[in-house]
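Please look through the sequence and the structure shown here before reading the notes that follow.

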Amino acid sequence: MSGAVVDGHIENGWGKVADAFRANFEGSPGEVGASCCVYVGGRPVVDLWGGLADSETRRPWQKDTIALVASTTKGATAICAHMLAERGELDLDAPVVTYWPEFGANGKEHIPVRWLLSHQAGLPVVDGRFTFEDACAGGPVIRALEAQRPEWKPGTEHVYHSMTFGYLVGEVVRRISGKSLGTFFAEEVAGPLGLNAWIGLPEEEEGKVARIDSAPLVLEEMTAGMIESTGLDADTVTRWIAAVWGEGSIQSRAGSLGGAFADFSEAMGTRAYHAAEFPAANMLTDARSLARMYAATVSEVDGVRLLHPATVERAIEVQTDRTRMHGLPADLDLPADRSFNMSLGFWRACPPMPMAGPKSFGHPGSGGSIAFGDPDAEVGFGYVMNLYSYQVGERRARNLADAVRSCLG
């Protein structure tokens with residue numbers, strides 16, 4: 001968007017991030033509205049916002065504008081689980097049935113909690129047909145997950161549990177704490193840190209939500225982006241996309257949640273979607289809150305620290321380098337650090353997603369948002385936007401992360 005108004009604050013030495021943020025409005029696909037924030041050592045060094053919160057009404061993006069960050073939500077959900085682990089209330093190696101007895105039906109009695117967090121439980125899809133109302137209510141999906149049989153022998157393969165991750169991890173948190181994931185997050189994370197962030201948005205906050213626009217999904221662009229960002233050859237990427245994302249594939253079924261999200265682009269803009277709790281996909285927040293949250297996992301922020309360094313070390317150990325991606329042809333092998341470099345609920349830094357350094361951890365969201373922390377540099381980073389682009393390897397977040405690394409030296 002040419003001539004976008006950008007506001008906020010940058011400290012000396014961090015001008016390259018501001019330059020990258022402004023340049024993103026001129027690029028392809030460009031920005032409609034966005035925010036970006038960087039914390040270092042527990043304090044903000046970059047806090048920027050600009051453009052439009054609504055391209056139709058021309059409402060400007062304000063300091064407190066929030067937007068849907070899709071799967072960037074998963075990082076917040078993982079933080080909640082690791083907080084319980086740090087307190088000794090959750091053993092990541094214990095069977096899920098220790099906390100959730102009904103989960104054990106149909107061969108799931110030995111699945112440990114860590115396989116839920118690392119997408120290795122074999123439950124990326126939910127059996128049966130579900131309505132949007134079922135998904136919002138949660139109970140029907142939980143009961144189906146309790147009853148169903150895994151898609152593969154748990155612990156032997158992995159694939160992205162795009163929607164079920166939130167129901168699975170969220171239910172474990174609820175069984176232990178007595179609080180829904182959204183309530184736990186509000187009381188234990190957002191409240192102490194003063195975040196402008198919700199998993200289950202109160203109606204009085206709805207007026208701050210940015211309207212989502214979507215850039216067209218072009219398969220050729222997606223393929224080209226994956227080739228560039230992963231460094232894999234064209235034949236490997238083409239076969240990978242066909243096997244895992246093609247029509248009728250496991251990943252396409254995972255996203256629809258038994259038909260509940262047959263038209264996800266329409267659902268995600270509704271008040272009902274915002275109000276429900278989807279711990280995999282419906283946090284509404286700004287970049288400042290995301291950066292502050294991750295900063296509090298790697299440093300102290302105004303007296304608050306969410307996770308001890310030893311907890312972070314355990315949480316960010318890569319898991320998906322031990323198993324194959326489900327659905328791939330037998331002769332196709334994908335290194336984890338080129339495809340799905342997943343630890344216990346967090347993506348780890350890798351060539352497709354370099355973040356701030358080799359120990360960085362966080363989570364991206366469909367459309368382009370991302371948030372991460374880096375324990376070595378004590379960085380917390382957040383980027384939120386309202387133009388959803390589905391180009392894998394799309395440059396907006398990468399430009400900002402590149403600038404952060406440059407400023408860190």
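**A buried loop residue**

S249 counts as buried because its relative accessibility is 6%, where buried means under 20% relative accessible area with a 1.4 Å probe and protein chains only. This is a predicted model, in which local features need pLDDT of at least 70 and side-chain atom pairs count only at pLDDT 80 or more, while totals for chains, interfaces and linings use all residues. Residues are numbered from 1 along each chain as its sequence is written, and side-chain values use heavy atoms, with hydrogens and water left out.

**Around S249**

- S249 lies in the loop between helix 9 (234-245) and helix 10 (250-256), helices being DSSP runs of H or I with at least four residues, numbered from the N terminus.
- Leaving aside residues up to four places away in sequence, S249 touches A243 and V244, contact meaning heavy atoms within 4.5 Å.

**Helix 1 and helix 16**

- Helix 1 (residues 15-24) packs against helix 16 (residues 395-408) at an angle of about 165°, with the axes 8 Å apart.
- Helix 1 is therefore roughly antiparallel to helix 16, a term for angles over 145 degrees.
- Among the residues that meet are A20 and F21 in helix 1 and L400 and V404 in helix 16.

**The largest nonpolar core**

- Of the 142 residues in the largest nonpolar core, F185, F261, M293, L306 and F381 touch the most other members; such a core is a set of buried Ala, Val, Leu, Ile, Met, Phe, Trp, Tyr and Cys residues joined through side-chain atoms within 4.5 Å.
- Helix 13 (residues 287-298) gives this core its largest share, eight residues.
- Not counting residues up to four places away in sequence, F381 touches residues including L290, A291, L400 and V404.

Key
Axes fitted to C-alpha atoms, helices over the stretch in contact; angles between N-to-C directions. Helix = DSSP H or I, 4+ residues; strand = E, 2+ residues; numbered from the N terminus. Parallel < 35°, antiparallel > 145°, perpendicular 65-115°, else oblique. Buried < 20%, exposed > 50% of the residue type's maximum accessible area, 1.4 Å probe, protein only.
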